[in-house]
Amino acid sequence: MAGTGGGAPSIYPTVLYADAKAAIRQLTEALGFTELSVYESEDGSVMHAELTQGNGAVMVGSKGRGGVFDTAMKSAGPTGVYVVVDDIDAHHRRAVDHGVEILMPPTDQDYGSRDYMARDAEGNIWSFGTYTPAIGG
């Protein structure tokens, strides 16, 4: 199977937003993502954006711009994404300081992780934790 070696991740969650520019601002300013690239159409909608966190990334785009993926996602509900971060408490404080809706405060889990859960401005669920799945080997 391609993409199973080390280096770059082989899975990239993709989330579409009615206001992708506002989502990118929230994800970068409040949730600590770094903007890698943003491609806009002539009308200003986000055709494709890549935001990084650690060695992972999420792809973001505008809803309603047409195309196969946009059409397939049209009636999809919110999505959930898990992101590994080193300092959960500091990450949580940053999110709270920016007014992000917190669904679960930082909590120690039985399996050794410390994590919290938030909802973005368009209803997607973002879980941030210290647990890193052991993949490969």
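Predicted model: local features only at pLDDT ≥ 70, side-chain atom pairs only at ≥ 80, totals over all residues.
## The largest nonpolar core

The largest nonpolar core comprises 24 residues. Those that touch the most other members are Tyr 17, Leu 27, Leu 31, Phe 33, Val 60, Trp 126 and Phe 128. Several elements supply at least two residues each to this core: the helices are H1 and H3 (88–97), and the strands are S1, S3 (46–53), S4 (56–62), S5 (80–84), S7 (114–119) and S8 (125–129). Helix H1 gives the most, with five residues.

Val 60 illustrates how such a member is surrounded. With its neighbours within four places in sequence left aside, Val 60 is in contact with Val 15, Tyr 17, Ala 20, Ile 24, Leu 27, Val 46, His 48, Ala 49 and Leu 51.

## Ala 20 in helix H1

One of the contacts of Val 60 is Ala 20, a residue of helix H1. Ala 20 has a relative accessibility of 2% and therefore counts as buried, the limit being under 20%.

When residues up to four places away in sequence are not counted, Ala 20 touches Val 46, Val 60, Gly 61 and Ser 62.

## Gln 26 in helix H1

Gln 26 also has its place in helix H1, which spans residues 20–30. Its relative accessible area is 19%, and because buried means under 20%, Gln 26 is classed as buried.

The side chain of Gln 26 reaches the backbone nitrogen of Ala 121 at a distance of 3.1 Å. Ala 121 is also among the residues that Gln 26 touches, together with Leu 31, Val 100 and Asp 120, again without counting residues up to four places away in sequence. Of these partners, Leu 31 is named among the core residues that touch the most other members.

## The second largest pocket

Rolling a probe the size of a water molecule over the atoms shows where empty space is left. In this model, the second largest pocket holds about 210 Å³ of space. Its lining consists of 15 residues, and those nearest the pocket centre are Leu 16, Lys 63, Met 73, Ala 76 and Gly 77.

Strand S1 (14–17) and helix H2 (68–73) each supply at least two residues of this lining. By residue type, the lining of the second largest pocket divides into five nonpolar, six polar and four charged residues.

Terms used
Residues numbered from 1 in each chain as written. Heavy atoms only, no water. Helix = DSSP H or I, 4+ residues; strand = E, 2+ residues; numbered from the N terminus. Buried < 20%, exposed > 50% of the residue type's maximum accessible area, 1.4 Å probe, protein only. Polar contact = N/O pair within 3.5 Å; in protein donor to acceptor, adjacent residues only side chain to side chain. Contact = heavy atoms within 4.5 Å. 1 Å grid on protein atoms, 1.4 Å probe; cavity = no way out; pocket = protein on both sides within 12 Å on 5 of 7 lines; lining within 4 Å. Points joined across faces, edges and corners; volume = space filled by probe spheres on them. Nonpolar A, V, L, I, M, F, W, Y, C, P; charged D, E, K, R; others polar. Core = buried A, V, L, I, M, F, W, Y, C linked by side-chain atoms within 4.5 Å.
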